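Subject: A structure to look through

Dear colleague,

I am passing on a structure that I would like you to read through slowly, with the notes below beside it. Please look at the picture before you go on to the text.

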Amino acid sequence: MAEDSGQEKTEEPTGKRLADAKKKGQIARSRELNTFMMLIASSTLLMSLGSAIGNGFLDMMRDCFKLPRADLFDDLSLTKYLSKTVVDALNLTAPVFAVLVVVAIITPISMGGWVFSWESISPKMEKMNPIKGLPKLFSMNGFVEMCKALLKIMLVFFIAFLLSETYLSQIFSLSNEHTDQAIFHALDIIGNCFMLLSAGLIFVVMIDVPYQLWHHHKNLKMSLQEIKDEMKESEGSPEVKGRIRRMQMEMSQKRMMAEVPKADVIVTNPSHYAVALKYDQNANGAPKLVAKGVDLIAAQIRNLAIGANVPLLASPPLARALYYSTELEKEIPQGLYLAVAQVLAYVYQLKTARQNRWHEPLPPKDIKVPEDFRQE
């Protein structure tokens, strides 16, 4: 049990689990509720439309018993009377069947919603295997189904006993009544008995509906491992995401390194930090940070800068301040304008000296970095 404790389905189902179950047709359904509503609808229709239907069938019977002698020996006439009788019977019962169809559709929708799934109606060989079906007979669900069946039997017998005590004398007196009156009286008795027997199933429905909702929710619960697997499936495994992040970082680093030879100056720590700055005099903005790095990346930036003859200036406080305060391809903060201006002035003097073959100026030694930007 200790080994399986981590796999117990104790977690609430996720939205994806609920959606997948609905696509497969796995929703809460109560056959008892469907049966109860169909029986109630049938008994209600029988009581409300019984007289009209009874009169209609009486008229059909009278017409059938009044056939002329000649028509009895004429096949075409008999076929015609039979067709008319069938059409009349369908017209009488059509409203009943229409209401029952509507009830049969609406009742399941009211509990679990409308779902149509080919997967749920497609044939599966494992469902036809009686050996695999045996465990279901001894499961909790099988026990509940057995209890419901026993409860229905007891309810029907109990209500039938009470009805027999109530209507037995009226049933025996039907033979003493006129035919038309006996038919309508019998229909009235049948309607009342049918309604009471159907209403008795409400006790089964009151048990079955909450149980089916609970059982459906319990079956959809998930273990922690299933939730992790679902997250991997929907969002990708950590290994794949890590590989993607590494590729993105490598591509970003390549783009950054390509900007180093175009920089105006590299401010260094001198060994741990390296920051590349570029200033476009034709633009109205401030200098931009086009590359930065520490340790190995800083060494690569310095090597690329040396190969491209980009000036290097050692200023540890400024290098650290620029590294931590400025993102790639962003302008330097206003608080570092004065310090960077000193660096750029030195760079322009250095370029002019190299072009004219003058003595190279000394790099600025006292570059002021505001306290707010200092990084120790």
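In which helix is K218 found? K218 is found in helix α9, where helices (H or I, at least four residues) and strands (E, at least two) are DSSP runs, numbered from the N terminus.

Before going further, please keep in mind that this is a predicted model, in which local features need pLDDT of at least 70 and side-chain atom pairs count only at pLDDT 80 or more, while totals for chains, interfaces and linings use all residues. Residues are numbered from 1 along each chain as its sequence is written, and side-chain values use heavy atoms, with hydrogens and water left out.

The chain as a whole

The chain has 14 helices and 5 strands. Of its 376 residues, 30% count as buried, where buried means under 20% relative accessible area, exposed means over 50%, and partly exposed lies in between (1.4 Å probe, protein chains only). Among contacts between residues at least 6 apart in sequence, 75% join residues at least 24 apart, a contact being heavy atoms within 4.5 Å.

K218 itself is partly exposed, because its relative accessible area is 43%. The C-alpha atoms of K218 and E11 are separated by 9.7 Å, although these residues are 207 apart along the chain.

Two packed helices are described by the angle between their axes and the distance between the axes. The axes are lines fitted to C-alpha atoms, for helices over the stretch in contact, and the angles run from 0 to 180 degrees between N-to-C directions.

Helix α2 (residues 31-65) packs with α9 (residues 202-220) at an angle of about 150 degrees, and their axes are 8 Å apart. α2 is therefore roughly antiparallel to α9, a description kept for angles over 145 degrees. On the α2 side the contact is made by R31, E32, L33 and F36, and on the α9 side by I202, V204, V205, D208 and V209. Sorted by class, this contact of α2 with α9 has 6 nonpolar, no polar and 3 charged residues, where Ala, Val, Leu, Ile, Met, Phe, Trp, Tyr, Cys and Pro count as nonpolar, Asp, Glu, Lys and Arg as charged, and the others, Gly among them, as polar.

Helix α7 (residues 140-172) also packs with α9, here at an angle of about 170 degrees and with the axes 10 Å apart. This makes α7 roughly antiparallel to α9. The contact of α7 with α9 has 8 nonpolar, 3 polar and 4 charged residues.

A search of the whole structure finds 0 disulfides (pairs of cysteine sulfur atoms within 2.5 Å). C147 counts as partly exposed because its relative accessibility is 33%, whereas C193, at 18%, is buried.

R320, in helix α13 (residues 316-325), is buried because its relative accessible area is 18%. Leaving aside its neighbours within four places in sequence, R320 is in contact with N269, Y273 and Q375.

Most residues other than glycine have a negative phi. D295, however, has a positive phi of about 55 degrees although it is not a glycine, and D295 lies in the loop between β3 (288-294) and α12 (296-307). N309, likewise not a glycine, has a positive phi near 60 degrees, and lies in the loop between α12 and β4 (312-314). D295 is partly exposed at 45% relative accessibility, while N309 is exposed at 62%.

Terms used. Angles under 35 degrees count as roughly parallel, over 145 as roughly antiparallel, 65 to 115 as roughly perpendicular and the rest as oblique.
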